[in-house]
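Hello,

After it you will find my notes on what turned up.

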Amino acid sequence: MSITFNPETKVFDIKTKNSEYLFKIVYDKFPAHTHYGDLLGENKPDFSSPCYSFSPYYKEWGINYLPNDVMSEYVGFDSGDFRATSLRVQNEEGDSMVVLKYKGYSIFDGRVELKGLPSAEADENTQTLELQLYDEVNELEVNVYYTVFPEEDVISRYVKLKNASQKELLVEKLMSLLLDLPHHDYDMISFYGWHCRERQYQRNPLHYGAQNLFSRRGASSHQFNPFFCLCSKDATQDEGEAYGFNFVYSGSYLEEVEVEQTGTTRVQIGLGSDNFQWLLEPGEEFTSPEAVMTYSNNGIGQMSRNFHNFIRDHILPKEIFDKRPVVLNTWEACFFNINEDVLLQFAETAAETDIDMVVMDDGWFGARNGDNAGLGDWYENPKKFKNGLKPFVDKMKSKGVKFGIWIEPEMVNPDSDLFRAHPEWCLQCKGRELMQSRRQLVLDMSNPDVVQYLKDSFTKTFDGVAIDYFKWDMNRHLSQVGSPVLPAKRKGETSFRYMLGVYELYRWFREKYPNAMIENCSGGGGRYDLGMMKYSTMIWTSDNTDPHRRTHIQYSSMMGYPAATMSCHVSNHDNCIEDEKQLQYRYHVALGGALGYEFHLPRASQTAKDAVKKQIEDYHRDYEDLILKGDYYSLLNPYECNYNAYYYTNNERSRILLTFIQQESEDVKTINVKIAQAKEDAVYTDKLTGTKYTGKELLAGISVETEESRYNSRMWYFVEE
Ligand code: GLA
């Protein structure tokens with residue numbers, strides 16, 4: 001049993017393979033947190049009640065229970081706790097306070113599906129604890145769920161609200177997870193960024209006050225990624241404590257990390273309040289999205305691997321796509337200038353070089369010759385595809401490649417048939433100017449008619465066409481977030497309902513085209529989150545394909561997400577493809593994740609084409625399964641030194657793929673790179689040079705000579721004899 005309750009001590013105990021989570025019901029009323037960390041023996045920490053001045057107390061328990069000073073599990077607003085709280089609900093009196101007291105619990109195998117929302121899949125080891133709390137005055141039931149994935153050391157949290165009263169309740173703030181940690185001697189690792197510079201790594205010591213991450217953009221965003229880590233100050237990849245957190249949601253969110261007078265750290269993850277409100281009529285329920293957390297006492301690297309395993313086993317679509325196709329995407333080569341002839345050339349060259357699939361990017365539909373027109377009109381441009389889409393796609397496939405196509409369902413250009421027919425289908429606030437971004441507006445995905453229109457258009461255009469892959473883009477954020485079809489008192493629900501509409505359309509795609517995978521994209525990695533990963537096999541990591549920038553973006557991405565989700569393309573900025581060394585450097589960087597290509601391959605020289613063919617052969621034969629399914633070990637951090645180094649290995653540790661990237665020019669020196677996962681008694685051959693190494697040698701470290709010039713890379717592929 002992973003979850004137990006001891007009726008004597010009133011302690012709930014949630015165990016994973018290597019971690020333990022404990023809380024206790026004190027005074028039969030309050031769930032008080034006591035531990036999240038290593039597995040403990042008999043001696044478990046007990047509830048303690050510090051006492052600070054100015055803290056409000058209840059008559060019954062006095063200073064023996066001060067809501068502001070204790071560690072809690074889930075806390076109502078204005079309930080005597082001045083720290084960030086989890087749930088604020090306004091009742092008809094105008095009061096927003098919520099006081100939650102323990103009512104009961106249930107423990108069961110498996111999990112409950114979250115209606116309309118992405119969530120982690122259960123397996124035979126999954127168990128769930130439902131902790132039932134109740135606010136007497138509002139007659140509000142609050143069930144807090146703990147779902148445990150013991151093998152991956154992950155615990156998830158979400159809440160379900162039910163208005164059991166006869167009056168309306170307005171939910172003003174809602175969080176899915178609250179975790180109180182007993183001190184604040186942690187560093188926080190998080191990722192900030194912008195378009196083309198997603199997931200920039202930062203590591204800072206926690207300080208008194210709030211250090212929050214958030215998105216108010218209606219998308220999880222390029223600006224802050226929902227993954228973050230709290231680790232001990234001395235934590236390295238291999239040593240120290242590391243807690244990882246994430247949110248299974250793709251819209252606006254709030255992550256609060258707060259240190260207050262007690263010196264404890266409060267972590268909260270949820271929808272927050274800026275872009276969220278929900279009206280609960282009598283009898284109505286509301287379920288929050290799911291947040292996940294993991295704990296490692298073997299450094300940051302193990303925390304990452306916990307999440308990699310968890311995402312691969314419980315989040316990513318289980319499907320025939322064990323492998324990802326190596327794609328050739330038209331965007332950076334052609335932008336909007338695509339037509340049948342160019343695409344057919346792409347297909348022929350792709351087939352020659354053993355590329356699996358051609359992806360026709362933006363520019364194929366409506367009046368789409370630039371970013372000013374066409375979004376919303378999901379039929380092929382008759383000038384570009386004279387005989388229609390089907391014969392064209394059949395012709396492409398007859399060349400021996402698969403076929404992928406770009407869509408951006410959530411958006412509309414003002415210059416489109418759709419907007420002319422239905423201006424009321426955009427997000428908008430009465431009397432306010434409709435603000436454009438990338439010359440487009442956002443469709444009101446909270447309106448079922450809009451979602452139905454999209455389903456009907458795609459059915460008409462794609463049915464009977466042998467499409468193997470959709471690239472689903474989203475190229476602006478949400479502003480003027482009002483839905484014309486919602487009544488005034490429900491307007492604050494637009495942002496969340498928008499996401500429900502998006503997820504509904506994703507699920508429809510998956511069911512309607514079960515053999516087609518979805519690559520998610522939002523101007524690159526603007527929705528690089530667990531919500532999207534539930535439906536999309538991989539995500540376009542960034543519009544920035546410059547390998548130097550990519551080294552940074554990919555390093556951070558790997559801290560929270562597996563390589564299997566990370567689309568990485570070899571591109572041809574600065575016309576480097578004809579330079580053998582530069583082509584290899586781009587390939588080495590792209591081998592951090594799922595390999596693809598994005599340049600005008602038909603125009604490349606035969607030498608470059610031959611090199612690409614060899615790259616793909618090596619990838620499919622030797623590297624692909626290690627990268628997509630193996631264990632990842634990071635050795636050097638490119639934000640802290642001039643190098644990036646990491647390796648992937650299989651379970652048996654009989655194959656090890658090591659990559660070393662040098663970023664800038666420097667005086668030549670020798671770097672020692674230790675392969676701690678090598679087996680001491682084994683002998684390995686580096687298949688790229690034929691050199692033999694004993695396991696001991698790899699453990700002690702191999703010497704890598706750096707170069708005077710910038711942008712260098714090397715790989716080793718060690719295979720046990
Ligand atoms: C976004 C994507 C690109 C490309 C363009 C097309 O920027 O990230 O890869 O698909 O849109 O407009």
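Across the interface of domain 2 and domain 3, twelve residue pairs are in polar contact, both partners at pLDDT 80 or more. A polar contact here is a pair of N or O atoms within 3.5 Å; within protein, one must be able to donate a hydrogen and the other to accept it, and residues adjacent in sequence count only if both atoms are side-chain atoms. (Helices are DSSP runs of H or I with at least four residues, strands are E runs of at least two, and both are numbered from the N terminus.)

Please keep in mind that this is a predicted model: local features need pLDDT of at least 70, side-chain atom pairs count only at pLDDT 80 or more, and totals for chains, interfaces and linings use all residues. Residues are numbered from 1 along each chain as its sequence is written, and side-chain values use heavy atoms, with hydrogens and water left out.

The chain is assigned domain 1 (3-315), domain 2 (318-629) and domain 3 (634-720); such bounds come from an automatic or database domain assignment. Tyr-555, His-588 and Leu-626 supply 33% of what domain 2 buries against domain 3, more than any other three residues.

Two salt bridges also cross this interface, a salt bridge being a side-chain nitrogen of Lys or Arg within 4 Å of a carboxyl oxygen of Asp or Glu. Glu-707 and Lys-581 form a salt bridge at 3.2 Å, N to O. Another pair is Lys-534 and Glu-121, at 2.7 Å, N to O. Lys-534 lies in helix α8 (residues 530-535) and Glu-121 in the loop between β6 (101-109) and β7 (127-135), so this pair ties together parts 413 residues apart in sequence.

Finally, the ligand: a polar side-chain atom of Asp-361 lies 2.6 Å from one of its oxygen atoms, and an N or O atom in the side chain of Lys-471 is 2.7 Å from a ligand oxygen.

Best wishes

Key:
Buried area is the accessible area (1.4 Å probe) that two parts lose on being put together, summed over both.
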